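Try each task before reading its solution.

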Amino acid sequence: APSMVEVEEARANVFVDKLRTTLEEKKFKSHDAMIDRLLEQGYTSTDIASALIHLMQGADAEKAAKPVKAAAPVKEFYDDAPPKKVFYDEKPRQSCAETKPVPTRGFASAKPLTSAQATGPAATSSVRPPKPAFERKPRTGREPGFTTVELNVGRDHFVLPADIVGKIAGVTRLPSSIVGAIDIHGVHTHVDVRSEHAELVVQKLHGVRIKNQSMKPALVTPAG
């Protein structure tokens, strides 16, 4: 009989295969805003991914342990059931059109705003100016022991942090913990990796495709 370690390893392999298939088929909804909120609060992308996997596996285990609820018996209706009684002498219900009108309390008689009132200071003061995009400070390049690598793929290519982490771990055969903070921009991405593995990451990612983009990685900060 297989040991518990072998059983857990088999379950992990099945889960990784399902996760890889989902990533490759792209049959999932993007949650960039939620992930960005967690990243801004100081959580790394690897911790977020690990927490999600932990929650998913816990939900699967709870679902498997939950007893199956018996289905409720189906009521059968027969043609010989007595028909409902219909009373034709009942008064018809009052329709919505016949109900009393709701008083407008003076709103119907209010005068329309003039062009000066509509465009005056009072009207414009309540309108908030558009918030400039991507005004937050970069997260990459700030943690000691990490080197920033630039990738020529970004938000315009619908790339996600999980795509970056998965590809780096896959091509280098190193644990995903070597990846630190990630900043995804319009057409490029900055990702922090352990300085001792930075050269290997650049070498292994060269020519690899992410979101149908052939990678040309480059170091942003010197390794060390």
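A nonpolar core is a set of buried Ala, Val, Leu, Ile, Met, Phe, Trp, Tyr and Cys residues joined through side-chain atoms within 4.5 Å, where buried means under 20% relative accessible area with a 1.4 Å probe, protein chains only. The model is predicted, so local features need pLDDT of at least 70 and side-chain atom pairs 80 or more, while totals for chains, interfaces and linings use all residues. Residues are numbered from 1 along each chain as its sequence is written, and side-chain values use heavy atoms, leaving out hydrogens and water.

**Exercise 1.** Find which residues touch the most other members of the largest nonpolar core.

*Solution.* 
- Step one: of the 19 residues in this core, pick out Leu151, Ile164, Ile168, Val179, Ile182, Val191 and Val193.
- Step two: trace the core's sources, at least two residues each from strand E1 (146–151), helix H6 (161–172), strand E2 (179–184), strand E3 (189–194) and helix H7 (198–205). Helices here are DSSP runs (H or I, at least four residues), as are strands (E, at least two), numbered from the N terminus.
- Step three: note that H7 gives the largest share, four residues.

**Exercise 2.** Work out which classes of residue line the largest cavity.

*Solution.* 
- Step one: look around its centre, where Asp36, Leu39, Arg155, Pro161 and Ile184 lie nearest among 10 lining residues.
- Step two: turn to helix H2 (32–40), which gives the most to this lining, with four residues.
- Step three: sort the lining by class, giving five nonpolar, no polar and five charged residues.

Terms used: Buried < 20%, exposed > 50% of the residue type's maximum accessible area, 1.4 Å probe, protein only. 1 Å grid on protein atoms, 1.4 Å probe; cavity = no way out; pocket = protein on both sides within 12 Å on 5 of 7 lines; lining within 4 Å. Nonpolar A, V, L, I, M, F, W, Y, C, P; charged D, E, K, R; others polar.
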